[in-house]
Amino acid sequence: MSFADDVREETRSSGIECRLCSLLKIMDTKTRGEVDAVIADPSQNAEAISRAMKRRGWEIRGDSIRKHRRNCLLR
């Protein structure tokens with residue numbers, strides 16, 4: 001087992017999907033690619049991302065984006 005596998009195992013939650021993962025699943029491919037790229041960029045502020053997503057009708061808080069970055073981007 002690799003180190004990355006160990007980290008993924010340690011960060012797995014109770015099996016409940018994070019809010020942002022749920023939103024990403026319902027987006028079209030082009031939009032999801034754009035959102036994924038911005039979220040993966042650590043220079044992009046989570047609160048600014050949250051506000052932009054809310055303007056598009058996706059209710060997501062900055063702390064949910066930070067949680068997604070911390071727990072889900074490693075998978």
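Modeller: Asp36 and Arg32 are four residues apart in helix H3, about one turn of the helix; helices (H or I, at least four residues) and strands (E, at least two) are DSSP runs, numbered from the N terminus. The model is a predicted one, in which local features need pLDDT of at least 70 and side-chain atom pairs count only at pLDDT 80 or more, whereas totals for chains, interfaces and linings use all residues. Residues are numbered from 1 along each chain as its sequence is written, and side-chain values use heavy atoms, with hydrogens and water left out.

Asp36 and Arg32 form a salt bridge, with 3.2 Å between the closest N and O atoms; the term requires a side-chain nitrogen of Lys or Arg within 4 Å of a carboxyl oxygen of Asp or Glu. Asp36 is partly exposed at 29% relative accessible area, and Arg32 is partly exposed at 32% (buried means under 20% relative accessible area, exposed over 50%, partly exposed in between, with a 1.4 Å probe and protein chains only).

Helix H3 also holds Lys30 and Glu34, again four residues apart, about one turn of the helix. Their side chains meet in a salt bridge of 3.4 Å, N to O. Lys30 is exposed, at 63%, while Glu34 is partly exposed, at 41%. In general, side chains of opposite charge can pair when their charged atoms come close. The structure holds five salt bridges, among them one between Arg61 and Asp63, at 2.6 Å from N to O.

Leaving aside neighbours within four places in sequence, Met27 is in contact (heavy atoms within 4.5 Å) with Arg32, Val35, Met53 and Trp58. Met27, Val35 and Met53, together with Leu20 and Ile65, touch the most other members of the largest nonpolar core, which has 15 residues; such a core is a set of buried Ala, Val, Leu, Ile, Met, Phe, Trp, Tyr and Cys residues joined through side-chain atoms within 4.5 Å. Helix H3 (29–40) supplies at least two residues of this core, as do helix H2 (19–26) and helix H4 (46–55). The largest share, four residues, comes from H2. In soluble globular proteins, nonpolar side chains tend to be buried together.
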